[in-house]
Amino acid sequence: MTGDTKIGGRGGQFPATRWSAILAARSKDPAERSRALETIAAAYWKPIYKYFRLRWGKSNEDAKDLTQEFFTRIIEKDYLDGFDPAKARLRTFLRLCADRFLANEFKAAKRLKRGGGAQHVSLDFEAAEAELGRGRVSLSVAASPQAMDDFLEKEFVRSLFGLAVDKLREFCSRRGKQVQFQLFEAYDLVEEESERAGYAELARRFGIATTDVTNYLAFTRHEFRRIALEKLREMTASDAEFRREARALLGVEAE
Amino acid sequence: MNWLSDDAISRLQAASALPDLAGTRYRIIHRIGSGGMGAVYLAEDAVLERRVALKILDLPEDSGELATRLLREAQILARLEHPGIVPVHDAGTLSDGRVFYAMKFVEGQRLDRLIVSVGALSDRLRVFQRICDAVAFAHARGILHRDLKPDNIMVGPFGEVLVMDWGIAKILHQPAAPAAISGDEARDAISRDTLKTGHGTILGTPGYMAPEQARGEVENLDERADVYSLGAILQFLLIGCGATPRPVAAIALKAMAEDPAGRYASASEMGQDIARFLDGLPVSAYPETILRKAVRWGSRYQLAIVLVLTYLVLRIVLLMWFRR
């Protein structure tokens, strides 16, 4: 298999049945735009909050205000109209928008906010602040745009996987598959590799057969993958962009 | 939302990237490599207790274009039953919607990596001859490879040569004797092929791609496009094995002629020229002067000439001896 084979032709577009927050953010319908903002903010607010904290050295209070205003303005100022997936990845584009916002618009935005500007997004900043402490983030990431892009990439994956885990929990709960989810949590989500129990130990702990551990994990991983890719689809505007992003998300880039 | 550690993220990525083989006869051993549309895994066929290679789409897609392309590749391989072409065993769709096919697991080395350990020109040319044989067979079945290059050729431990990666192959025409594929299926495959590789679409690898292929002249491509790639492979094989004999250099040059009309008409013709060179016979790409012919003839019958000359010299010496 080769990575340098050139395949031409036009990139596929999303079928009309797929909902894309990127496309919806350009909609004339305010309700649709608001829904798009919520979806984009849900996946990107933590990376952007951390970016303001690390790259620009903002206090947590300032970073909170900045993050709130930034996502509100993404819609209000039609920032996403300028996004072209052929030229840049969404997180790089958002980073550049964040820089521009910080340089040119924050003062005006702050005045607007003090005057009663609307806040559309409810965000758990305490959790984001705690994550910054847990993530052992090196200050050197702020040193170069590339390191910052890598940091944002990682934080985006963390954020999107986090949303997918939440959705998987709900999904398992609705279907009466709490044991499956708990097993997934105990095996795949455990923080440190050294804390990970073996299949036999998990089978004993959950009172199930070892083969059930295999099957339950296969089920939850299958669903996790499906949900994570669904979430990613919402963050992309074309099939070609989705495939490129999904390869990066799952770490299956061509060798 | 739970905070996910870097370890947990790596685990989730690895688990999500692996195909779900539940309900199939295969068990993944490890990933061998990945490319433009999918990955190849080494797997165990639990029924036949043998190792196979599974080529699997790495992601679902809306258009179904890549799935069609992968299945088409499997169908083409199924039509090409030849010792020089990797055989396909099975094809289908996994429970997670990803299309796959199973093929022989080739234990060997890629040509570009193997070549450093094969120094002798004659050995390299014998390997090349086998590549020509496999490509000539595909041409006879109406299939154009379109991406021949050293990375797509495997050489097994017993010197067997296997041409791989038929993902962008083009169906030129129906074979004279129909293969296992039905007429309808073949026609479907052809129409899909035409759909995906319309005029202006560039498929192939720079450096190994014929000029007309690089210009996207899909309708004009024929066997001679693969002949050009074979010429580029031959040139690659000549690197690092000393001075290149003029007839071999001429074969490569002829194969890589800018104008397809100047090339060999087929891979088979090119392979025959290589065979003739190895047998010490004249090659069509290299017109000989009388002197060159004599040198080649002398080189080919060196032993016989030495014996005859020795006999004649002895005869003269003895004759002169008795006359004295």
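Modeller: One term before the sheets: two strands pair if DSSP finds at least two bridges between them. Also note that this is a predicted model.

Colleague: Fine. With that, what is the order of strands in the open sheet of 3 strands?

Modeller: The order is β6-β8-β9 in chain B, and the pairing is antiparallel. The edge strands, each pairing on one side only, are β6 (109-110) and β9 (161-163) of chain B.

Colleague: How many bridges between β8 and β9 of chain B?

Modeller: 3 bridges, in the antiparallel sense, with β8 of chain B covering residues 153-155. I153(B) stands opposite V163(B) in β9(B).

Colleague: Which helix lies across β8 and β9 of chain B?

Modeller: α4(B) does, running at about 40° to β9(B).

Colleague: Let's stay on α4(B). At what angle does it pack with α9(B)?

Modeller: About 155°, with the axes 8 Å apart; α4 of chain B is residues 121-140 and α9 of chain B is residues 267-278. Angles over 145 degrees count as roughly antiparallel, so that is the description for α4(B) and α9(B). The crossing of α4(B) past α9(B) is left-handed.

Colleague: Which residues meet there?

Modeller: From α4(B), the list includes L125(B), F128(B), C132(B), V135(B) and H139(B). On the α9(B) side, M270(B), G271(B), I274(B) and L278(B) are among them. The residues of that contact divide into 10 nonpolar, 5 polar and 1 charged.

Colleague: Back to sheets. What does the sheet of 5 strands look like, in what order?

Modeller: That sheet of chain B is open, ordered β1-β2-β3-β5-β4, with antiparallel pairing. Its edge strands are β1 (26-34) and β4 (88-93) of chain B. On average, neighbouring strands of this sheet are turned by 25° against each other, direction ignored.

Colleague: And what packs on the sheet?

Modeller: Helix α2 of chain B, residues 65-79. The helix touches β2, β3, β4 and β5 of chain B, and its direction makes about 25° with that of β5(B).

Colleague: Is β5(B) largely enclosed or open, and why?

Modeller: β5(B) is largely enclosed by the rest of the structure, because 5 of its 6 residues are buried. Buried here needs 20 or more other C-beta atoms within 10 Å of the residue's own.

Colleague: What are the pairings of β5(B)?

Modeller: β3(B) and β5(B) pair over 5 bridges in the antiparallel sense, with V52(B) opposite K104(B). β4(B) and β5(B) also pair antiparallel over 5 bridges, and there V88(B) stands opposite M103(B).

Colleague: How many residues sit between β4(B) and β5(B) in the hairpin?

Modeller: There are 5 residues between them, and G97(B) in the turn has a positive phi of about 90°.

Colleague: And how many bridges join β2 to β3 of chain B?

Modeller: 8 bridges join β2 (residues 38-45) to β3 (residues 50-57) of chain B, running antiparallel. L42(B) has A53(B) in β3(B) as its bridge partner.

Colleague: Zooming out, how many helices and strands are in chain B?

Modeller: 11 helices and 11 strands. Of the 324 residues of chain B, 37% count as buried.

Colleague: What share of the contacts in chain B with a separation of 6 or more comes from residues 24 or more positions apart?

Modeller: Such residues account for 60% of those contacts in chain B.

Methods: Residues are numbered from 1 along each chain as its sequence is written. Chains are lettered from A and ligands numbered from 1 in the order in which they are written. This is a predicted model: local features need pLDDT of at least 70, side-chain atom pairs count only at pLDDT 80 or more; totals for chains, interfaces and linings use all residues. Helices (H or I, at least four residues) and strands (E, at least two) are DSSP runs, numbered from the N terminus. A residue is buried if 20 or more other C-beta atoms lie within 10 Å of its own, exposed if 12 or fewer, and partly exposed in between; C-beta atoms are placed from the backbone. Two residues are in contact if their C-beta atoms, placed from the backbone, lie within 7 Å. Axes are lines fitted to C-alpha atoms, for helices over the stretch in contact, and angles run from 0 to 180 degrees between N-to-C directions. Angles under 35 degrees count as roughly parallel, over 145 as roughly antiparallel, 65 to 115 as roughly perpendicular and the rest as oblique. A crossing is left-handed if the near helix is turned anticlockwise from the far one by less than a right angle, and right-handed if clockwise. Ala, Val, Leu, Ile, Met, Phe, Trp, Tyr, Cys and Pro count as nonpolar, Asp, Glu, Lys and Arg as charged, and the others, Gly among them, as polar.
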